[in-house]
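I set out to look up the surface, the fold and a few local contacts of this entry. My notes follow the structure.

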Amino acid sequence: MRDGVWPRRIAVLVYCCVVVCVAGISGFGSPRYGWDVLGYSGVALSYDSNDPVVIHGGAYGALRAAAPAAVRHRGSTRAIER
């Protein structure tokens, strides 16, 4: 009765590893851009400057450099201009 327990546990472990690997690889193919990153980058930029225009420009400038145009357009009511 206990002979089949270890092979079953190993099979479950291998299955879980495969599922995690497939999920991780698919994330590289179609990344999800979290819009909360804009707020985090704004907080980080606020350590260097208190000027809201500089902070806003730095956060959206980083977005312009990193995200494709189609993604930038979906995250806003209008496209972020270059």
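**Surface patch**

I noted a nonpolar surface patch formed by Ile10, Val14, Val18 and Val22, whose accessible area together is about 360 Å². Areas come from the Shrake-Rupley method with a 1.4 Å probe. I placed Val18 in helix H1 (residues 5–29) and found Val18 partly exposed, at 47% relative accessible area.

**Basis**

The model is predicted, so I recorded that local features need pLDDT of at least 70 and side-chain atom pairs pLDDT 80 or more, while totals for chains, interfaces and linings use all residues. Numbering starts from 1 along each chain as its sequence is written, and side-chain values use heavy atoms, without hydrogens and water.

**Chain**

I counted four helices and zero strands (DSSP runs: H or I of at least four residues, E of at least two). Of 82 residues, 12% count as buried (under 20% relative accessible area; exposed is over 50%, partly exposed in between).

**Local contacts**

I found the charged end of Arg9 over the ring of Trp6, 5.1 Å from its centre (the rule asks for NZ of Lys or CZ of Arg within 6 Å of the centre and within 35 degrees of the ring normal).

I located Ser49 in the loop between helix H2 (36–46) and helix H3 (52–66). Ser49 is buried, at 19%, and a polar atom of its side chain lies 3.1 Å from the backbone nitrogen of Asp51.

Definitions and conventions:
Buried < 20%, exposed > 50% of the residue type's maximum accessible area, 1.4 Å probe, protein only. Patch = residues over 30% accessible without salt bridge, like charges linked within 9 Å, V, L, I, M, F, W, Y side chains within 5 Å. Salt bridge = Lys/Arg side-chain N within 4 Å of Asp/Glu carboxyl O. Polar contact = N/O pair within 3.5 Å; in protein donor to acceptor, adjacent residues only side chain to side chain.
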